[in-house]
Amino acid sequence: MSLVPPPFDPELATVLESFQDVLAPGLAPADVEAARRGAAVAGLVDVTLGGAFAAEDRTVPGPEGAPGVSLLLCRPTAGSAGSGLPVIYHVHGGGLVAGTNRAGVAEPLAWARDLGAVVVSVEYRLAPEHPHPAPVEDVYAGLLWTAEHAREIGGDPDRIVVAGASAGGGLTAALTLLARDRRGPRPLGQLLMGPMLDDRNDTVSSRQMAGLGVWDRSANETAWTALLGDRRGGPGVSPYAAPARAADLSGLPPAFLDVGSAETFRDEVVGYASRIWQAGGVAELHVWPGGCHGFDALAPEAALSRTARAARVAWLRRLLAE
């Protein structure tokens, strides 16, 4: 029996149709270099937001025996500038194979401008050249440095919120598991936007959305295979690679998770939130009707995009007020 996909939001459907000649849902291994070039162009953003932040690149110690980790530090220049500010620790997306610490940072910077916060965006080694555990270990090393030096950069080590979208959301979820199990820094919260959580790639939504949207099952297979090689989908995959594999989701920071109803990751995100609740944890879940993967970046002026972004800011505001 064939699976009927849920419809896209009408505004998003129009945008997807207009980009259909340049925006394919699949990603083959041969496409990785082009994806990297595209991510580099997308990362050409004003990380000062017109002077609202002072931006600095800093290389900090990486995992033992590995190169240093590049962090983008953005501190408010006026008004809320000072010490003891919340810190948003951002992990970029890019399917585990592309992206830099500039990719996707515009939204965390917008949050930080509204809330008076410091942004730290981490760059990690990319698959397939650097398979698991290199990416998550780099992200963890960056968090260690951020927690240890938070006051130096104007932040509060007890108010670090970790955040990421897509592959960055999956790495963010893995980061909280790793920090819990190593008794490392405990983030105040985790914000997971359309996170990539499950290497098994075999949910109903992954099959429903094959060949549709901006990231489908074939792209997912390419990305997870880059990270895990022939271990992808098999037994014994580490939860620090694929957080959906974790047997225990207790003891994690409060989570915000959102996902589109018309995207590959829908079911794994809903399942992950449900398992946090089942473990006695705190999670806020939004399934945006008709949302494709990354819809708010694709069509930022769409009504659904504005609603989703407002919900994230509202959650952050409540979290930081507690």
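Me: How many cavities of 30 Å³ or more turn up in a search of the whole structure?

Reply: The search finds 2. Bear in mind that this is a predicted model, where local features need pLDDT of at least 70, side-chain atom pairs count only at pLDDT 80 or more, and totals for chains, interfaces and linings use all residues. Residues are numbered from 1 along each chain as its sequence is written, and side-chain values use heavy atoms, with hydrogens and water left out.

Me: What makes something a cavity rather than a pocket?

Reply: On a 1 Å grid over the protein atoms alone, a cavity is a set of points where a 1.4 Å probe fits but cannot get out, whereas a pocket is an open set with protein on both sides within 12 Å along at least five of seven lines. Lining residues have an atom within 4 Å of a point. The volume is the space filled by probe spheres set on the points, which are joined across faces, edges and corners. On that basis the largest cavity comes to about 50 Å³, the second largest cavity to about 30 Å³, and the largest pocket to about 1,600 Å³.

Me: Which residues line the largest cavity?

Reply: Leu96, Ala167, Gly170, Leu171, Met196, Trp224, Leu227 and Ala241. Helix 5 gives the most, with 3 residues; helices here are DSSP runs (H or I, at least four residues) and strands are E runs of at least two, numbered from the N terminus. By class, that lining has 7 nonpolar, 1 polar and no charged residues. The classes go like this: Ala, Val, Leu, Ile, Met, Phe, Trp, Tyr, Cys and Pro are nonpolar, Asp, Glu, Lys and Arg charged, the others, Gly among them, polar.

Me: And how does the lining of the second largest cavity divide?

Reply: Into 6 nonpolar, 3 polar and 1 charged. Trp215, Glu263 and His293 are among its residues. His293 also features in the largest pocket, as one of the residues nearest its centre. That pocket is lined by 50 residues, with 28 nonpolar, 14 polar and 8 charged.

Me: Why is Leu96 called buried?

Reply: Buried means under 20% relative accessible area, exposed over 50%, partly exposed in between (1.4 Å probe, protein chains only). Leu96 has 3%, so it counts as buried. Leu96 sits in the loop between strand 3 and helix 3, and its phi is near 75°, a positive value in a residue other than glycine.

Me: What joins the side chains of Ser121 and His90?

Reply: A polar contact of 2.9 Å. The cut-off is a pair of N or O atoms within 3.5 Å, where within protein one must be able to donate a hydrogen and the other to accept it, and residues adjacent in sequence count only if both atoms are side-chain atoms. Ser121 is in strand 4 and, at 0% relative accessibility, counts as buried. Neighbours within four places in sequence aside, Ser121 is in contact (heavy atoms within 4.5 Å) with residues including Ser70, Asn101 and Val105.

Me: Which peptide bond to Pro128 is cis?

Reply: The one from Ala127, with omega near 5°. The bond from His132 to Pro133 is also cis, with omega near 15°. Pro128 lies in the loop between strand 4 and helix 4, and Pro133 lies in the loop between strand 4 and helix 4 too.
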